[in-house]
Amino acid sequence: MKVKYIINGKEEEYEIHPGEVLLDVLRRNGHSEIKGNCYLGTCGACTVLIDGEPHTSCTILAAKVNGKHITTIKGIGDLNNPHPLQKAFVDVGAVQCGFCTPGTILSAYALLKKNPNPTDEDIKKALDGNLCRCTGYVQQVEAVKFAVKLLKEGKDE
Amino acid sequence: MLKLKGIEEVYYPQTIKETVDILRSHGDLAEVVGGGLDISVFPNPRIKFLIFLDNLNLSYVKDSSEGIKIGAMTTITNLIESDLIKDYMGGCVHSVLPEIATELLRNQITVGGSLGKREPYSDIVTLLYGLNGKIVLSDGEWDEIVSINDFYKENFKRLLKERIIKEVILEKYPKDYFFSMKRYVRNATDIALFNMATLLKTEGKMITSARVAAGSRPKPAYLMQGAGEFLKGRELSEDLAEEFGKFVEEHIEVGTDTRTTEEYRKNLSHIYAKRILLEALEAAK
């Protein structure tokens, strides 16, 4: 079957198997910025935003979200023009092996859209589904707080 | 990793009637998909047809004369963000919800999906058992309201081949009701090793009715009939809390699985039963 998505603002059409999960469809079609790992929804490495809400793409059936807006880490900023969250994660040292980073930043991005002034608890709760094998959680929380500061200083997206 | 190899076709019905017509035409080979978490994690190789409910406008929390109506496609996140749920039962229900699963999964888990699957570890089923939720089943032509007890007494999976869960209705209990839910996890994002929800009606310190539900036993959630009888007509006190803890530990039906033992679950049930009554005692003061 064919599905259409708006991925990072660009309409894309793919041929999929109706039983496939979104993670596999996106990676097969070049979106290797989305990481895959557990296929159970427990690690969060595969996080994407679907209509602005973070989801584990390994548990989302690709056919179910036909027509939706999907945002990957590349959709919020790039090397030349990083989002304050991306900059903050680098500056604070919240990136170690980097495997969880795209998903973690997208969860943080969704949080800041809803709540621009999160408490530490809000941040921890929002990132609770993104596991970091390097256990860099303290730096991640600090990075999100630093990004809030950057955003307030006007270095907005 | 293609987990659902057998899927031949998916449907996006616009109405409940259309959904049920598709469901009936494919029988056991079709499955209605709420959030889709369960089927993607535990794929059923027999299923060939998936029916997505996303176009049915079943994501809502609204007030009505019958109670608070929660659409089947409402996610845990939707519940958390609902002002009605924030205020419901003094915030006791709202405080439990952010502890369930993770933010990412709370965005996917639906109320209807949780009820329709009745997975053993579901906190939502225990919560709704405790609150005596009413389930609205619909075939698109007429709706039937059944209590959660009756729903699970029947062969509910068979019922759901002819109808779908449209919504859940939560009674708006007056202030003389007390509700509490407890769940034990090894870490913040773990599924519960045991959970318990209790609804008490009190007159002062006197308990006039009680519902005690338990889940993650590891069997699915159930209503502990004897516990309600035990509490009815008793006066809240620290002694009763301890007595109730012992009673629950002795009578609760729990077992052993790979995650923990029957003995451990019994110990947890004692502690939670006692804590819930102590909280109710505090609230009664």
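From the N terminus on, the elements of chain A run β-β-α-β-β-β-α-α-α-α, and in total the chain has 5 helices and 5 strands. Helices here are DSSP runs of H or I with at least four residues, strands are runs of E with at least two, and both are numbered from the N terminus. Before I go on, please keep in mind that this is a predicted model, in which local features need pLDDT of at least 70 and side-chain atom pairs count only at pLDDT 80 or more, while totals for chains, interfaces and linings use all residues. Residues are numbered from 1 along each chain as its sequence is written, chains are lettered from A and ligands numbered from 1 in the order in which they are written, and side-chain values use heavy atoms, with hydrogens and water left out.

Let me stay with chain A as a whole. For 157 residues a compact globule would have a radius of gyration near 15 Å, and chain A, with 15 Å, agrees with that; the radius is taken over C-alpha atoms, and the globule rule is 2.2 Å times the number of residues to the power 0.38. The C-alpha trace of this chain spans about 45 × 30 × 25 Å along its principal axes. Of its 157 residues, 53% count as buried, where buried means under 20% relative accessible area, exposed means over 50%, and partly exposed lies in between, with a 1.4 Å probe and protein chains only. If we take the contacts in chain A with a separation of 6 or more, residues 24 or more positions apart account for 56% of them, a contact being heavy atoms within 4.5 Å.

Now to a pair of helices in this chain. The axes of α2(A), residues 84-92, and α3(A), residues 101-114, come within 10 Å and cross at roughly 130°. These axes are lines fitted to C-alpha atoms, for helices over the stretch in contact, and the angles run from 0 to 180 degrees between N-to-C directions. That angle makes α2(A) oblique to α3(A), because angles under 35 degrees count as roughly parallel, over 145 as roughly antiparallel, 65 to 115 as roughly perpendicular, and the rest as oblique.

Which residues of α2(A) meet α3(A)? They are A:Leu85, A:Gln86 and A:Phe89, and on the side of α3(A) they meet A:Thr101, A:Thr104, A:Ile105, A:Ala108, A:Tyr109 and A:Leu112. The buried residues of α2(A) are A:Pro84, A:Leu85, A:Gln86, A:Ala88 and A:Phe89, and they pack against α3 and α5 (137-152) of chain A. Just after α2(A), A:Gly93 takes a positive phi of about 80°.

Let me turn to some backbone details. Most residues other than glycine have a negative phi, and most peptide bonds are trans. A:Tyr39, in the loop between α1 (22-28) and β3 (47-50) of chain A, has a positive phi of about 55° although it is not a glycine, and this residue is buried, with a relative accessible area of 13%. In chain B, B:Asn132 likewise has a positive phi of about 55° without being a glycine; its place is in the loop between α8 (123-130) and β6 (134-138), and at 18% relative accessibility it counts as buried. A cis peptide bond, with omega about 20°, joins B:Arg217 and B:Pro218, and B:Pro218 is found in the loop between β11 (206-215) and β12 (222-223) of chain B.

Finally, chain B itself, whose secondary structure comes to 13 helices and 12 strands. Buried residues make up 57% of its 285 residues.
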